[in-house]
Amino acid sequence: MKRLRGFFAFAVLVALMPVLFPDNYFVTVVGVTIGFNIVLAVALNLFIGYAGQISLGHAAFFGMGAYASAILTTRYGWNPWPAMGAGLVAVYIIATLISRPILKLKGHYLAMATLGFGIIVNIIMVQTVDWTGGPDGMSGIPGLEIFGWAVDTDLRWYAVISVVMLLTVLLSLNIIDSRAGRALRAVHGSDIAAQTMGIDTARTKSQIFVLSACLASFVGSLFAHQQNFISPVSFDFFVSIEIVTMVVLGGMASTFGAAFGAIVLTLLPQVLVVFEDYEVLIFGTILMSIMIFLPQGLFVGLINGGTSLLRRLRHRETPAQAGAEN
Amino acid sequence: MALLEVRELEKSFGGVAAIADLSFAVEEGGIYAVIGPNGAGKTTLFNMLSGVYVPTDGAIEFDGGSLVGLAPHRIAGQGISRTFQNLQIFFNMTVLENVMVGCHLRTRTGLYRAALRLPGVVREEHQVRDWALEALTLCGLEHIADRPADALPYGELKRVEIARALAANPRLLLMDEPAAGLNDTETVELRELIRRIGESGITVLLVEHNMGLVMEISDTVLVLDYGSRLAEGTTTEIQNDPKVIAAYLGGEVQYAVQ
């Protein structure tokens with residue numbers, strides 16, 4: 001299982017965190033937020049990192065899942081699971097419908113279209129007060145129960161979100177390492193060559209857009225049940241930008257890069273709180289520095305830097321051996 | 001019946017005809033070359049055959065079925081593969097992965113099956129890897145299979161494109177100026193490679209500027225000039241055709257002699 005070595009190491013680390021740091025705010029509370037963000041970033045990375053497209057409106061799907069769950073459970077008394085399923089079906093249909101016309105666009109135009117979509121959805125969340133509660137949001141969303149096991153503590157939520165997050169990472173790794181994943185990267189590499197190799201590029205792009213949207217909707221539902229309260233601010237334009245930033249920061253076209261970007265971007269503001277007034281300033285400077293000095297992304301940049309450093313060290317110890325390797 | 005038949009083909013860009021009233025037929029097996037001066041419409045022809053451009057008028061038939069109006073990926077599905085004059089390599093992948101993309105049409109795994117990694121997927125991956133290595137070996141590239149494509153010199157990239165097209169197991173291979181930018185040694189290697197491809201039963205349709213190469217390997221040559229057919233025949237017939245000589249040496253020379 002050489003292919004999944006990194007995945008298992010990551011899974012063990014995630015499982016050990018609450019054991020190593022019991023009752024730690026950063027593990028159980030921030031950890032859950034990190035889990036949500038990793039799913040969003042890894043899912044979006046399939047679309048922007050691998051397929052080379054752009055979406056500045058992905059928080060809309062995250063929000064649709066959350067609002068579907070919130071509305072159906074609080075206003076219609078549905079059980080959370082079918083509500084979640086209804087949200088998924090709705091997002092699947094909406095994402096499929098908009099994907100074909102929107103994905104004909106490229107580059108800046110695609111960015112504008114997805115941006116517009118995200119803003120429209122957010123405006124609907126704010127304006128349809130009777131359904132969504134408007135800017136004040138919705139409270140009293142019930143928690144989640146899995147076969148009678150109530151997810152009612154921070155630690156239990158950490159466990160649930162970790163499983164969902166790890167499954168998403170596994171799903172992404174599986175896709176990339178397959179015919180479907182190569183088709184995605186081929187679309188990125190050369191659209192015309194991909195087509196002449198028999199890849200239906202329009203369908204390929206649309207499929208991954210829909211999958212990415214459905215994953216966002218799914219964690220959106222979980223988010224609503226975990227927080228018990230949602231408001232449009234959690235799904236606005238800035239959240240969409242944040243998800244894109246996670247992908248770019250960690251390293252485009254790398255599943256673990258996207259996950260790493262999500263971790264860093266969630267933790268950084270928490271850590272920088274000690275700088276009080278200067279927090280945002282330092283946050284911005286760090287982001288800029290990373291993009292200037294590690295343009296391929298934090299994770300990919302560090303890995304590449306690490307391996308070349310290692311090679312140089314080994315080269316110094318046994319120059320003959322290192323030479324033979326090349 | 002011919003494998004590929006083009007009848008009264010026409011393509012205009014804003015009223016300027018790049019291809020006008022062009023008809024020819026490519027028989028199954030063998031190497032068919034299209035030559036002509038710059039701007040004769042060779043690449044335009046290729047782009048219509050592979051579905052990148054839609055013809056203004058005329059018919060293109062492959063194995064009895066029409067190709068006009070089909071999307072490029074549908075045409076690829078009929079068994080037509082191509083290479084490009086200006087490289088279209090997937091620079092974000094390794095050499096092997098580039099060629100594995102070529103096997104797309106020979107396999108079935110979709111997005112959701114891949115995501116769940118159902119049992120058949122792993123088996124298919126192994127099969128695709130074998131096919132890709134086979135194509136790489138034929139093109140003499142097996143030793144650099146795991147190199148990232150963006151680290152390769154131009155000559156090798158041209159062969160990667162050929163390997164990728166071959167991995168699709170095509171009936172017809174369209175090669176757009178495969179020798180452009182190659183040095184003499186590389187051109188000799190390319191000549192042998194095209195010969196091997198032809199001998200393996202794949203019909204080759206070649207657009208090429210390198211006359212030496214064309215005359216050595218082609219069974220039939222079509223000469224284009226200003227988007228129309230100037231001459232068609234065996235290499236010997238073409239070399240002795242006064243119209244062809246005039247077109248290549250320049251029309252004025254001919255008038256001067258007359």
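Select Val19(A) to begin: with 8 C-beta neighbours inside 10 Å, Val19(A) counts as exposed (a residue is exposed if 12 or fewer other C-beta atoms, placed from the backbone, lie within 10 Å of its own, buried if 20 or more do, and partly exposed in between). This is a predicted model, in which local features need pLDDT of at least 70 and side-chain atom pairs count only at pLDDT 80 or more, while totals for chains, interfaces and linings use all residues. Residues are numbered from 1 along each chain as its sequence is written, and chains are lettered from A and ligands numbered from 1 in the order in which they are written.

Val19(A) is part of helix α1 (residues 5–20) of chain A; helices (H or I, at least four residues) and strands (E, at least two) are DSSP runs, numbered from the N terminus.

Next, select helix α2 (residues 25–50) and helix α12 (residues 255–272), both of chain A, which pack at an angle of about 140° with their axes 8 Å apart. Axes are lines fitted to C-alpha atoms, for helices over the stretch in contact, and angles run from 0 to 180 degrees between N-to-C directions. The angle makes α2(A) oblique to α12(A) (under 35 degrees is roughly parallel, over 145 roughly antiparallel, 65 to 115 roughly perpendicular, and the rest oblique). Residues are in contact if their C-beta atoms, placed from the backbone, lie within 7 Å. On α2(A), the contact residues include Val30(A), Ile34(A), Ile38(A) and Gly49(A); on α12(A), Ala258(A), Ile263(A) and Gln270(A) are among them. The contact of these helices has 10 nonpolar, eight polar and no charged residues (Ala, Val, Leu, Ile, Met, Phe, Trp, Tyr, Cys and Pro are nonpolar; Asp, Glu, Lys and Arg charged; the others, Gly among them, polar).

Now display the contact between the chains, which takes 26 residues from chain A and 33 residues from chain B. On chain B, the elements giving two or more residues to this side are α2 (72–77), α3 (95–102), α4 (111–116) and α5 (119–138). That side of chain B has 17 nonpolar, 10 polar and six charged residues.

The C-alpha trace of chain B spans about 75 × 40 × 35 Å along its principal axes. Of the 258 residues in chain B, 43% are buried. Among contacts in chain B with a separation of 6 or more, 67% join residues 24 or more positions apart.

How values were computed
Two residues are in contact if their C-beta atoms, placed from the backbone, lie within 7 Å.
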